[in-house]
Amino acid sequence: MSTLVIVESPTKARTIRNYLPSGYRVEASMGHVRDLPRDATEIPAAVKSEKWSSLGVNVAANFEPLYVIPKDKKKIVKELKEALKTSDELVLATDEDREGESISWHLLQLLQPKVPTKRMVFHEITDDAIKAALNSCRDVDQRLVRAQETRRILDRLVGYTLSPLLWKKIAPSLSAGRVQSVAVRLLVSRERERRAFRQGSYWDLKATLSQDKTAFEARLVSLAQKRLATGNDFDEHTGQIIAGRDVVLLNEAETLALQARLANKTWTVATVEERPVTRQPAPPFITSTLQQEANRKLRLSARETMRVAQSLYEKGFITYMRTDSVHLSQQAIAAARSCVETLYGQNYLSPQPRQYKTKSKGAQEAHEAIRPAGYTFRTPQETGLQGAEGKLYDLIWKRTVATQMAEARQTHITVHMEVEDAEFRSSGKRIDFPGFFRAYVEGSDDPEAALDNQEVLLPRLQQGDTPACTELSPVGHETQPPARYTEASLVKMLEKEGIGRPSTYASVIGTIIDRGYAQRQANALVPTFTAFAVTALLEQHFPDLVDLSFTARMEQSLDEISTGEVEWLPYLSQFYLGDEGLENQVKTRQDQIDPNEARTIALENLGAKVRIGRFGPYIEAEHEQNPVKASLPKDMTPADLTPEQIEQLLKQKVEGPDKLGLHPETGEPIYILLGSYGPYVQLGDATAENKKPKRASLPKTVDMESITLEMAVDLLALPRLLGQHPETGSKVQVGLGRFGPYVVHDQGKEGKDYRSLKKEDDLFTISLERALELLAMPKATRGRRSQNKKALKELGNHPDDATPVNVYDGPYGPYIQHNKTNVSIPEGQTIEALTLEMALPLLAAKATTKGKKQSTSRTQSTTQKSTRKTTAKKKTQKKTAQKTTTKKTAK
C-alpha cells in the first residue's frame with residue numbers, strides 16, 4: 001500500500017520522511033497552491049470582463065473568492081496529481097494553524113482525491129510526535145478554513161479598495177492594509193509626539209562616599225524637605241515643570257552654589273531599608289515574544305526571526321513557531337527539569353513543575369509554546385547549529401529551561417543620608433540566590449555577566465553612620481522625547497492592543513519597510529513623509545480603519561468566526577456593503593479628497609510646505625511671489641527636517657550653492673550642496689560641455705557646517721592612490737563609498753578586493769602599510785553565505801585538483817560542494833553513509849549540466865548579438881535609403 005503525504009516545504013519533507021514507515025511518499029506543495037489573483041495577468045479570461053474580477057472577490061455572489069493557481073505553482077500541482085494517481089491513501093500534513101488548514105483544504109479542492117484522505121497535525125517533527133500524529137488523524141477543520149478565508153477576503157477588500165484611492169490622491173505603488181495601516185499610524189503618532197516635544201533641563205548632585213574603605217554612590221533627592229525635580233515632572237509639550245508639582249528645580253549656578261555649601265560637611269545615615277524581592281522566570285516563547293527577544297538580543301528583524309525559526313522547526317529542532325499559547329506539555333516540562341538537574345543541580349530546580357496560563361483570549365494558533373523538540377532537549381552545543389540558527393535555538397533552549405528553575409531571590413537596599421538640609425539616596429541590590437538567572441536573563445546573552453551587572457553592592461551601613469564624602473559633582477540632565485518604536489516594541493504594542501495575529505507581524509513590518517513607510521535607523525523604525533501623508537488621509541476620511549479599538553474588535557470577530565460564535569457572511573456584508581460599508585465610504589468620499597491637500601504634510605514651525613511628488617518628497621515656498629520647489633534628500637525623514645535645512649535647500653535653489661572657495665590647482669570653484677542622497681561637494685559648474693562635474697559625498701561623521709575647503713579638496717581627490725601592492729604590483733587605493741570609507745586592491749581583470757576602514761583609521765591620512773594590513777585581514781561576510789561555514793562532513797580531496805569535497809547545510813537541506821559546484825544529496829541518502837566515491841559522480845553530472853547551460857547561454861547570447869547587428873544594419877540601410885529618396889525629391 002502506498003501513501004502520499006503532502007507538506008509545505010522540501011526541508012520539512014526531508015525531515016518527516018525519516019520518521020514515516022516504508023511505503024510513505026512525501027512531497028512538498030511549496031506553500032500555498034491557490035490564492036486570489038495577484039495581478040491582472042492571473043485573472044481567467046472567462047471573468048476578466050467582470051467589474052469585480054480586479055478585486056478577486058465576487059461581492060454580489062456572497063463574497064465568493066476567485067481562486068487561481070499561480071504560474072510558479074502549476075508544475076507543482078501537476079506533479080502532485082501524478083503522485084496521487086499511484087497512491088492508495090492521501091495524508092495532508094501541513095502546519096497545524098489556520099494557514100496550514102487552509103493549504104490542506106485548497107489541496108483537497110485541486111487534487112479531488114478518490115482515495116481515503118486524512119488530515120495529520122503535529123507541533124514538532126520527532127519520531128514520537130509523527131507516530132502519534134499518524135494514529136490520531138482527523139478531517140480538515142472547516143471552521144478554521146472559513147476563518148482563514150474570511151481574513152483573506154477581508155484583507156483583500158481593505159487593500160484593493162483603499163490602495164487605488166491612495167494611488168490617485170497621493171502617489172503610485174502605495175498600499176493600505178487592515179493591520180499595516182494601523183501599525184504605520186502608531187509609528188507616525190509617536191513621531192508627531194517627538195516633533196511636538198520640548199526639552200527641559202534640570203540639575204542635581206552626585207556624591208561618591210566611602211565607608212569601611214568601600215566606595216558607593218548617592219544622588220540628591222530633596223532639599224529643605226522638598227523633592228528635587230526629575231524628568232517625570234516636566235511637561236513634554238512645554239519643557240516646563242507640570243503645573244501643580246511642588247518640587248525644587250535647580251539650575252547650573254544654584255547647583256554649583258549648593259556643591260560649595262555642602263563641601264566638607266558631615267554626612268549622616270538617616271535610614272536603611274532592606275526589602276526582599278523574588279523574581280520568577282518569564283513564560284516560554286510565543287511567536288510575538290520570540291520576535292521581540294530576537295530583535296533585542298540578536299538584532300534580527302521579525303521577518304528574519306520567523307525565517308530562521310521556520311528552518312529550525314522543519315529540521316526537527318524546535319516545536320511549531322506560530323503559536324499564541326504559553327502552555328508546555330508534560331514531556332516538555334520533564335525534559336526541561338531534567339536539563340536543570342543535570343546542568344545546574346537540584347538546588348536550582350523549582351520545587352513544583354511550573355505551568356503558565358495563556359492570557360490571550362484568541363490563543364488558538366497551536367497547542368504549545370515554542371520550545372526545543374523532543375522528550376529530551378539537546379543542548380545548543382549538541383545540535384551543531386551555526387550562525388543565526390544556533391543563536392536562536394540557544395535563546396529558545398535557555399528560555400524554556402529557565403521556566404522550570406527556582407526563583408531568583410534578591411534584597412533591595414535603600415539608604416537615605418542627610419547633609420545640612422539636603423537629602424541623598426543610595427540604592428543597592430544583592431542577589432541572595434541567582435535561581436533561573438543562571439540560565440536566562442532577559443536583555444543579556446551572558447547570564448554570568450548579567451548577574452554581575454544586576455548586583456549593586458553597598459557597604460554595611462547603619463543609622464547614625466557618618467560615611468566620608470570623597471567627591472561631590474554637579475550633573476546636568478535634559479529630558480528626552482518618547483523613544484521611537486523598534487520592531488520589538490512595535491510587536492509588543494500590536495499584541496497588547498489586539499491588532500492582527502502574531503504570525504503576521506513579520507510580514508506586516510516587512511511590508512511597511514518595503515513600501516517606503518518606514519526606514520530602519522539603527523534598531524528604530526522611523527516613519528517617512530509618505531507615511532505621514534497616508535496616515536493623515538486615512539485619519540481624516542476613514543478614521544475607523546486606523547483606530548486601535550475598531551481594529552481590535554475586528555480581530556476579535558475574526559477569532560469568533562473560527563469558533564462558530566459569529567457568522568462570516570453577515571460580518572463581511574456589514575463591513576463592506578450598505579450605507580456605512582467600506583465600498584460606499586470610498587465612493588462617496590473620494591471626490592471630497594483634494595489630491596494637493598492629500599499630498600501636503602502639515603509639520604509645525606516650518607517656513608515651507610512639504611509635499612509628496614512623483615519622484616519623492618519636496619518642499620515648496622514662496623519667493624518674490626513665485627513658488628520655489630526643492631527636493632528633499634531620499635533618506636531624510638520628518639524627524640530630521642528642521643527650519644535650517646529648509647532654508648539651506650531653498651537658498652541653494654534660488655541663489656545657487658554656497659561656495660567654499662577655489663581649488664588650489666585648477667582654480668575652479670568648489671561648492672557645498674544638499675542633494676537627494678545627502679550633502680556633497682562639487683568641483684566647478686555644470687555646463688553644456690561639463691554636464692556632470694566631479695562630486696563627492698560627505699562622510700557620515702561630517703556635517704555641512706563643519707566642511708572646510710581643505711577637506712573638500714581631499715574628498716574630490718578620492719579615490720586616492722596609496723601605492724602598489726608588493727605581491728602583485730597592482731594599485732592600492734582609498735575611497736569613500738555607500739558603506740563608508742574603504743581600501744581596494746585593484747587587480748584589473750583579476751578583480752577588486754575591498755576592505756572597510758576601521759574606526760581608528762583616517763580616510764585622508766591612511767598609509768599604504770596600514771592599507772596592506774587591512775587587506776591581509778579575512779574578508780567580512782554578509783548574510784548567510786559565509787566562506788567560513790562549518791562543514792557537516794568532510795568527504796576528502798577531489799582526485800582531479802586535490803581541493804576539498806564537503807557536505808554543508810543549506811536553506812533547502814544538505815548539499816555536496818566542490819569549488820563552485822553544489823549538488824543536493826539524493827533522497828534517501830544519509831550524510832553518515834555518504835562517501836567521496838558516491839559524491840564524485842554526482843558532482844560530475846552537475847558539472848556537465850552546468851557546462852551545457854553555459855554553452856547554451858553563450859550560443860543564445862551570440863545569436864542575439866548577431867541578430868541585433870543584422871537588425872541594426874538593416875535599419876541603417878533603410879534610413880540611408882530614405883534620406884537619398886528625400887534628397888532626390890527635393891531636387
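Modeller: A residue is called buried when its relative accessible area is under 20%, exposed when it is over 50%, and partly exposed in between, with a 1.4 Å probe and protein chains only. The model is predicted, so local features need pLDDT of at least 70 and side-chain atom pairs count only at pLDDT 80 or more, while totals for chains, interfaces and linings use all residues. Residues are numbered from 1 along each chain as its sequence is written, and side-chain values use heavy atoms, with hydrogens and water left out.

A salt bridge here is a side-chain nitrogen of Lys or Arg within 4 Å of a carboxyl oxygen of Asp or Glu. That rule gives a count of 48 salt bridges. Helices (H or I, at least four residues) and strands (E, at least two) are DSSP runs numbered from the N terminus.

One of the salt bridges joins the side chains of Glu124 and Arg371, with 3.4 Å from N to O. Glu124 sits in the loop between S6 and H4, and Arg371 in the loop between helix H10 (330-343) and helix H11 (380-383), so the pair ties together parts that are 247 residues apart in sequence. Glu124 and Arg371 are both buried.

Thr126 belongs to the loop between strand S6 (117-119) and helix H4 (127-134). Its relative accessibility is 12%, so Thr126 counts as buried. Contact means heavy atoms within 4.5 Å. Apart from neighbours within four places in sequence, Thr126 is in contact with Tyr19, Ala373 and Gly374.

Another salt bridge pairs the side chains of Glu555 and Arg178, at 2.8 Å from N to O. Glu555 lies in helix H17 (residues 548-563) and Arg178 in the loop between helix H5 (142-169) and helix H6 (180-196), so this pair ties together parts that are 377 residues apart in sequence. Glu555 and Arg178 are buried too. They also belong to a network of salt bridges that links Arg98, Arg151, Asp155, Arg178, Asp324, Arg501, Glu555 and Asp559.

The side chains of Arg25 and Glu27 form a salt bridge as well, at 2.9 Å from N to O. Arg25 has 37% relative accessibility and therefore counts as partly exposed. For Glu27 the value is 23%, so Glu27 is partly exposed.

Strand S2 (24-28) is among the elements that cover the buried residues of H2, together with strand S1 (3-7), strand S5 (89-92) and helix H3 (98-111). Helix H2 (residues 74-85) has 12 residues. The expected span of a helix is 1.5 Å times one less than its number of residues. H2 reaches 17 Å from its first C-alpha to its last, close to the 16 Å expected. Ile76, Val77, Leu80, Ala83 and Leu84 are the buried residues of H2. They cover an arc of only 120° around the axis, which puts them on the same side of H2; the arc is that of the directions from the helix axis to the C-beta atoms. Lys75, Lys78 and Lys85 are exposed on the other side of H2.

Arg399 is found in helix H12 (residues 387-402), and at 4% relative accessibility it counts as buried. The side chain of Arg399 reaches the backbone oxygen of Pro283 at 2.7 Å. In H12, 12 of the 16 residues are buried, so the helix is largely enclosed by the rest of the structure. Its buried residues include Glu389, Lys398 and Arg399.

Rings of Phe, Tyr and Trp (its six-membered ring) pair if their centres lie within 6.5 Å, with planes under 30 degrees apart counted as stacked, over 60 as edge-to-face and the rest as tilted. The whole structure has 11 aromatic pairs. In one of them, the ring centres of Phe285 and Tyr440 are 6.5 Å apart and the planes stand at 85°, so the pair is edge-to-face. Phe285 lies in the loop between strand S10 (268-279) and helix H8 (287-298), and Tyr440 in the loop between strand S12 (422-433) and helix H13 (447-454), 155 residues apart. Both Phe285 and Tyr440 are buried.

For the chain as a whole, 47% of the 891 residues count as buried. Among contacts with a separation of 6 or more, 66% are between residues 24 or more positions apart.

Terms used:
Polar contact = N/O pair within 3.5 Å; in protein donor to acceptor, adjacent residues only side chain to side chain.
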